Amino acid sequence: MSRWDLAMSPHVTGGAGARQAVGALTAARTGPGAEVLLVADPGLAATPLIGEVTASLAAAGLGVTVFSDFTGDPTAAQVDAAADMARRTEARAVVAIGGGSALDLGKAVGAIAGDTAPAVAYQLCERDFPAATLARICIPTTSGTGSEATRTAIVTRADKAKVWLWGDAIKAHEIILDPETTLSLPAHLTAQTGIDALVHALEAATNGNANAANNLYAHEAIRLASRNLEAAVADGSDLAARDGLQRSAWLAGIAIDNGGTAVAHTIGHALASLRPLHHGRSVALGMIATLAWNLADDDGRFDAAARAMGLAGAHELPEAFERLTRAVGIKVSLADEFAGVTPDALAAQMARPENAAMRLSNRRRIEDGDLLVFAERVLTQA
Ligand SMILES: [Fe+2]
């Protein structure tokens, strides 16, 4: 007997130009004349997107206040400042546009603005979210994190620890997948965010929580990422490739919302806690360091994932994944950035409690000694 849990997924409006629907979709949830907090990625300031979204909201009769005063990896204080703005303007909805940081911040504000407690009060499920939440609309402009589909928001505390807020109150009500919103993403960020989506899909399809129902999402995400990533990196104006990658990231987001990630994310988070490193690159390196080890205990999950990638079987997966990583320009060697970091120090980071859930999700059991082997491998692979 098996039990397969699939969580509710937000409504999706997709296709080129779909961003123009944001006003109508938001007004349908708030009623006419409502105030909206537009959480806009500061990186989009030079693009026409913010103006277009604001115009669509205004045309639907909504009042708009823009919040852009945040960084990549938003802090709890920035979430609190945005939530204060939502309270002051009596916003009934949050529209978040940008990468994972903007979406995480917007989702968190939507969950907590109905009460006065700060974001950290809700960390690690320590407190229930307020009963009244704001409508949450996500417009991803990168194709990677899948934040638009998940119940998770990551915020950085004042002591630099990254903590998660989790629950249905965090999940978006509406997702707008408009591939045109990703056209301005530079090649190196397209590569690093896209490989994160592929790693999400591969881990959800092969970890201990994987099941046939969730694989409908994970395998399709693997198929779309592996077929579109190189094209989107090579030619950022390739709208079909952008569309495929965007759908991959969304479907992979659903897959990890249901099934979580695995050891590549344990390693990725541990690396990023020691040195500044893009999340996508760090998890790709974690994947390269562990794929062969995981394959040694495959019960068919990796074989099925490899076939979704267009390969003949699991035996081809390590080489194919590494080839793709290098082909999109992601540097595999950490020698420059991690000089002076010992394998012991990295293994200790992997063993920390905040990485325990990802480690436990891995289907092959990970002993402490394995962590040291992974650490040596990821620090020396060239
Ligand atoms: Fe990730």
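Reader: At what angle do helix 12 and helix 14 pack, and how far apart are their axes?

Author: Let's start with the general idea: a pair of packed helices is described by the angle between their axes and by the distance between those axes. Now to this case, keeping in mind that the model is predicted. Helix 12 (residues 343-350) and helix 14 (residues 368-380) pack at about 125°, and their axes are 8 Å apart.

Reader: Which residues make the contact?

Author: On the helix 12 side, look for P343, D344, L346, A347 and M350. Helix 14 brings in L371, L372, F374, A375, E376, V378 and L379. Sorted by class, that contact between helix 12 and helix 14 has ten nonpolar residues, two charged ones and no polar ones.

Reader: Let's move to the strands. Why is strand 4 described as largely enclosed?

Author: Here a residue counts as buried when its relative accessible area is under 20%. In strand 4 (residues 91-98), seven of the eight residues are buried, so the strand is largely enclosed by the rest of the structure.

Reader: And which strands does strand 4 pair with?

Author: Strand 2 (residues 35-40) pairs with strand 4 in the parallel sense over six bridges; find V39 and you'll see its bridge partner in strand 4, A96. Strand 5 (residues 135-140) also pairs with strand 4 in the parallel sense, over six bridges. There, I137 of strand 5 stands opposite V95.

Terms used:
Residues numbered from 1 in each chain as written. Predicted model: local features only at pLDDT ≥ 70, side-chain atom pairs only at ≥ 80, totals over all residues. Heavy atoms only, no water. Axes fitted to C-alpha atoms, helices over the stretch in contact; angles between N-to-C directions. Helix = DSSP H or I, 4+ residues; strand = E, 2+ residues; numbered from the N terminus. Contact = heavy atoms within 4.5 Å. Nonpolar A, V, L, I, M, F, W, Y, C, P; charged D, E, K, R; others polar. Buried < 20%, exposed > 50% of the residue type's maximum accessible area, 1.4 Å probe, protein only. Pairing = 2+ DSSP bridges.
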